Amino acid sequence: MTGGLAAALVAGCGSTAPDRGVLRHSGVWYRAQPEEARTRVAAACRAEAAASARGAGAREQLRAIELDTLRDAIDDAETIIARQRRPLADVCRAVVPFHTPGLDVRFGNGARHDGDGTWSVPAISTRPYMIRGRIAPARAGTRLVARRMDGYTVRAVTDAGGAFALRVRFRRVADNTFTVSIDAPAAAPRKVLFTAICLDCLAGSPTPPPS
């Protein structure tokens, strides 16, 4: 048993404070651990996020993250070999906002919830699209940033009813995925994925006329 794992197991016996020191390990170490030890890493991840949060409300939301869900998210993140040398603390910061409860984010304009925390919509690359949605509980002034992997970024602010609109243009590639970051007053950071499936980019599809 490695020293880091032994410390984690000791911390988990008769203690409510997870050993956050395990987050210094890499994904290579993490992938070699049994499920119980990986769950303890998820507990350390959750505790670290809560300790770093601003405000009691945000800390409460972060502490409510389901450990099994968070462990599975870390498992998924560590399947990419090129990323497995990062410290687990970096992975933790990347995945936690996708699983923070407290804010209900819903999209309109034909977007479909895919059941795994992501949303998708069919689109034509030559046409602008408005990512519309609503956040509950409603908070005026909630800031949203939609960022694509190529750096293209669009920003919006919610109105008093929690509604928002992000006007975007898509690239002519099959998958336009945006990470939508939500910064709401008194809430923990939240992120969702929004994917536009480019219909005119599919194999054999004719290029539509300019609109």
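In the predicted model, Ser120 has Thr195 of strand E9 as its bridge partner. Strand E3, residues 118-123, pairs with E9 in the parallel sense, and the pairing extends over six bridges. Both strands belong to an open sheet of six strands with mixed pairing, in the order E2-E3-E9-E8-E5-E6. Strand E2 (112-113) and strand E6 (153-157) are the edge strands, each pairing on one side only.

Aromatic contacts were examined next. A pair of aromatic rings is described by the distance of the centres and the angle of the planes. With a limit of 6.5 Å between ring centres, seven aromatic pairs are counted. One of them, formed by Phe107 and Phe164, is edge-to-face, with 5.7 Å from centre to centre and 85° between the planes. Phe107 is in strand E1 (residues 104-107) and Phe164 is in strand E7 (residues 163-168); the pair therefore ties together parts 57 residues apart in sequence. The relative accessible area is 8% for Phe107, which is buried, and 5% for Phe164, which is also buried.

Phe107 also pairs with Phe194: the ring centres are 5.1 Å apart and the planes lie at 55°, so this pair is tilted. Phe194 is buried, as is Phe107. Phe107, Phe164 and Phe194 are among the members of one aromatic cluster, which also includes Trp119, Tyr129, Tyr152, Phe170 and Phe178.

How values were computed
Residues numbered from 1 in each chain as written. Predicted model: local features only at pLDDT ≥ 70, side-chain atom pairs only at ≥ 80, totals over all residues. Heavy atoms only, no water. Phe/Tyr/Trp six-rings, centres within 6.5 Å; stacked < 30°, edge-to-face > 60°. Helix = DSSP H or I, 4+ residues; strand = E, 2+ residues; numbered from the N terminus. Buried < 20%, exposed > 50% of the residue type's maximum accessible area, 1.4 Å probe, protein only. Pairing = 2+ DSSP bridges.
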